[in-house]
Amino acid sequence: MNKCKHMFVSYAYLIVNFGGNLKGTSHLAIGVAIGVAAVAYYPLSLTNSALYIAVASFSSLSADLDGPSLLSSKLGNISKLLQNLVLGVGVFLTGTVLYMHFFQHSFDRTFAVIAVSTLLLGFVARAGFIRNALVSLVGLGLIYSGLVWSMTWLIAFGVYVAWVPWLKHRGMTHTVWAILAWGGIGWGLEQQLQVQGIMIVSVISYFSHLLADTLTPSGVKWFYPLYKKSIKLHI
Ligand SMILES: [Zn+2]
């Protein structure tokens with residue numbers, strides 16, 4: 001339990017610092033806030049708390065796996081360092097999951113979710129062919145795992161991760177259809193882990209991303225391709 005608590009505290013610290021240093025955007029900060037709200041709302045357990053925050057943070061950023069995001073342009077040196085740190089931690093945690101699985105024959109699903117989320121989080125604000133290829137590779141790994149373990153939601157999540165990097169920025173991932181698909185994946189994860197609230201946390205967090213983008217000058221094509229115009233909100 002102590003190890004778990006320690007992991008949670010370091011993870012939350014990392015996320016909050018990472019979020020606090022992203023200038024020009026508040027996606028991650030909003031996601032963390034949603035995760036914290038879920039922690040306060042649902043019955044308290046350390047593993048579940050880490051899970052809510054990981055799911056909320058990831059859901060609030062995953063729409064931007066579709067390409068160079070707002071995050072990448074105005075990063076200071078400290079942000080870049082933290083970003084590399086998140087990626088490094090993600091690689092390390094995912095490596096640990098793979099090592100445990102193949103060499104120790106043990107597998108902790110919650111830990112695996114946190115590891116892969118962190119890894120993908122580290123990729124969000126990057127750009128380029130190699131980054132896209134690596135994200136797709138993670139997606140293919142998820143599809144493979146979903147097939148092996150007969151988990152439909154994991155296959156769907158894998159398809160999302162493998163496909164999205166190659167899409168036009170603020171295209172299909174920034175639509176109501178994507179929110180529905182994301183909700184379906186969240187529902188599957190909720191059933192899998194038997195942790196109440198995962199679906200609603202993922203939907204609210206994903207929605208928060210689109211809403212925040214709607215407040216920017218280029219807006220969001222919420223109903224693309226049915227209605228191709230950008231919807232913007234000026235405050
Ligand atoms: Zn976006």
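Colleague: Is the crossing of H8 with H9 left-handed or right-handed?
Modeller: H8 passes H9 in a left-handed crossing. Left-handed is when the near helix is turned anticlockwise from the far one by less than a right angle, and right-handed is when it is turned clockwise. Bear in mind that this is a predicted model, where local features need pLDDT of at least 70, side-chain atom pairs count only at pLDDT 80 or more, and totals for chains, interfaces and linings use all residues. Residues are numbered from 1 along each chain as its sequence is written.

Colleague: At what angle do H8 and H9 pack?
Modeller: About 140°, with the axes of H8 and H9 8 Å apart. Axes are lines fitted to C-alpha atoms, for helices over the stretch in contact, and angles run from 0 to 180 degrees between N-to-C directions. H9 covers residues 176–193. A helix here is a DSSP run of H or I with at least four residues, a strand is a run of E with at least two, and both are numbered from the N terminus.

Colleague: Which residues of H8 and H9 make the contact?
Modeller: From H8, Thr152, Trp153, Ala156, Phe157 and Tyr160. From H9, Ala181, Gly184, Ile185, Gly188, Leu189 and Gln192. In contact means C-beta atoms, placed from the backbone, within 7 Å. By class, H8 with H9 gives 7 nonpolar, 4 polar and no charged residues. Nonpolar is Ala, Val, Leu, Ile, Met, Phe, Trp, Tyr, Cys and Pro; charged is Asp, Glu, Lys and Arg; the others, Gly among them, are polar.

Colleague: New topic. How many helices and strands are there in the protein?
Modeller: 10 helices and 0 strands.

Colleague: And H3 with H10, what angle do they pack at?
Modeller: About 30°, and their axes are 7 Å apart. H3 spans residues 46–61 and H10 spans residues 198–214. H3 passes H10 in a right-handed crossing. Among the residues that meet are Tyr52 and Val55 in H3, and Val201 and Tyr206 in H10.

Colleague: Over to H7. How many residues has it?
Modeller: H7 has 20 residues, 129–148. It reaches 28 Å from its first C-alpha to its last, close to the 28 Å expected at 1.5 Å a residue. The expected span is 1.5 Å times one less than the number of residues.

Colleague: Which residues of H7 are buried?
Modeller: Val135, Gly139 and Leu142. Buried means 20 or more other C-beta atoms within 10 Å of a residue's own, exposed means 12 or fewer, and partly exposed is in between, with C-beta atoms placed from the backbone. Down the axis of H7, the buried residues fall within an arc of 55°, so they line one face of the helix. The arc is that of the directions from the helix axis to the C-beta atoms.

Colleague: What covers the buried residues of H7?
Modeller: The cover includes H6 (109–124) and H8 (152–163). On the other side of H7, Phe129, Ile130, Ala133, Leu137 and Val148 are exposed.

Colleague: Why does Leu210 count as buried?
Modeller: Because Leu210 has 20 C-beta neighbours inside 10 Å. Leu210 sits in H10. Beyond its neighbours within four places in sequence, Leu210 is in contact with Ala63, His174, Val220 and Trp222.

Colleague: What about Trp187, where does it lie?
Modeller: In H9. Trp187 is partly exposed, with 16 other C-beta atoms within 10 Å.

Key. Two residues are in contact if their C-beta atoms, placed from the backbone, lie within 7 Å.
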